[in-house]
Structures are given as structure tokens and as C-alpha cells.
Amino acid sequence: MKNRIIIFALFTFLILNAFGFSQSDTLVQNLETRLQDQGLVNIHTLAPDILVELKYSTTDNFLNADTYGDLENCYLQPKAAVMLSSAQAFLKQSHPELTLLVYDGVRPRSIQRKMWAIVVGTPSQDYVANPDRGSVHNFGSAVDLTLATNDGVPLDMGTAFDYFGKLAQPRYEQQFLKEGKLSLQQIKNRELLRQVMAQAGFQGISIEWWHFNAVPVKIARSKYQIIE
Ligand SMILES: [Zn+2]
């Protein structure tokens, strides 16, 4: 009987190892190795104090799906990673109590295809780039982020990340301020994020307060390959 229990335990262990934990670990290692092989840098190697919470590695996103699996690190092109660590340094100079909190960096095309499959034919389709052409995230040159206190509490930016409505669009901020739909503090928080990102050379966009490009779309397309 005892032998049987031992054999059963051993068998269970082997099965779990073969198809469970070790498999997902291996998948993440493979993905990270693939990103490194394509020249990308884990931003924590340059700025360990930047907080990273990849939203697509959770179900707390507009897809309600975890398309990143166990990937928890933010990878970027070396130029973008250096710029992001500068943005963190600029922020720390003026606001040591705050930190950048990154929601997304590179988005490999394999994952872009998963996202596309979820949204194609739905109203959310407009918010996901077609993987054939790719977005700046697919080139490893865009970052989605906010500001947070050092213990990880995000500042109030007026909307959540990936809120797809006008309230998230910087181009309407003054109008929403007048209408009382955004507070002065919320706009100041966004302005501080834009200021440190611009200081480091990033360009914001007029339709999402959280998105910044390290290089313009055209340059990304001509200079880099889509990350697979
Ligand atoms: Zn973005």
C-alpha cells in the first residue's frame, strides 16, 4: 500500500511537472528569451524602481482576458528603455514620493494576434491594431503608463487605463475641465506624466493619456522589425 502511495505521488509529481507548472515557466522563459534575442531590454535592468503591472497579463483589461500569460516583465527597444529610465529619474528629481507605473511595453505579434482574434467583428476592433501591420507597441517602442505613489497607488487621471471614451483624450481636457467632468488635480496629474515623459523625449498622443511613443510611428516602421 505504502509503495502504491509513493508511486502515485511520484506519478502525480511527474505529470504536474510535465504539463503544469514547469510548462508555463518554460513558456515564459521562451518568450522572454525570444524578446531578448530580438534585442529588447527588460526595463528593470536599467531602472529597478519603476513599477510594472502588465495589464494584459491579468484579466483586468478591456478584453477581460489574460493574453500575456505569466509574462510579468516590461521589455522595450534599448533606446526606449533608456528613455524610460530617464523619465523615472526626472520624476524622482521633482517628486521623490512618486514613481512611474507601467501597464504595457512591447506587445509581441503572437499576442497581438490573440487580441485581434478576441475583438475582430466586435465594437472593440477599432481599439486593437491589425497584427499584419502592427502598432508601435509591436515594435517595442511604445509604453502605456501612469504615475503612482511609491507603494503602488495610481494617481487619479480622471479615467482608468484603456477607458475608450473622450474623457481619456488629452485633446478634450480643457473642455471637460470647464464642464466639471475633469478636476484641475486630475489634469495636473496628467500634465506631470506628460512633462517627465516629454523631458525624456517621448511623444504623447491626443487620444490616450497613458500612451507614449519613444519614436514616431514612421521611424519605428523603418528602423525596427515587428517583434514576434
Ligand atoms: Zn499604448
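So, strand E5, residues 142-149: six of its eight residues are buried, which means the strand is largely enclosed by the rest of the structure. Buried here means 20 or more other C-beta atoms within 10 Å of the residue's own, with C-beta atoms placed from the backbone. Strands are DSSP runs of E, at least two residues, helices are runs of H or I, at least four, and both are numbered from the N terminus.

Keep in mind that this is a predicted model: local features need pLDDT of at least 70, side-chain atom pairs count only at pLDDT 80 or more, and totals for chains, interfaces and linings use all residues. Residues are numbered from 1 along each chain as its sequence is written.

Okay, what does E5 pair with? Strand E4, residues 98-104, runs antiparallel to E5, with six bridges between them; pairing takes at least two DSSP bridges.

Now look at Trp210, in the loop between strand E6 (203-204) and strand E7 (211-213). Trp210 counts as buried because 24 other C-beta atoms lie within 10 Å. Its C-alpha is 8.0 Å from that of Val143, 67 residues away along the chain. Beyond neighbours within four places in sequence, Trp210 contacts Tyr103, Asp144, Leu145, Thr146 and Phe161, a contact being C-beta atoms, placed from the backbone, within 7 Å.

Zooming out, the protein has seven helices and seven strands, and 33% of its 228 residues are buried. Of the contacts between residues at least 6 apart in sequence, 74% join residues at least 24 apart.

Conventions:
Buried ≥ 20, exposed ≤ 12 C-beta atoms within 10 Å, placed from the backbone. Contact = placed C-beta atoms within 7 Å.
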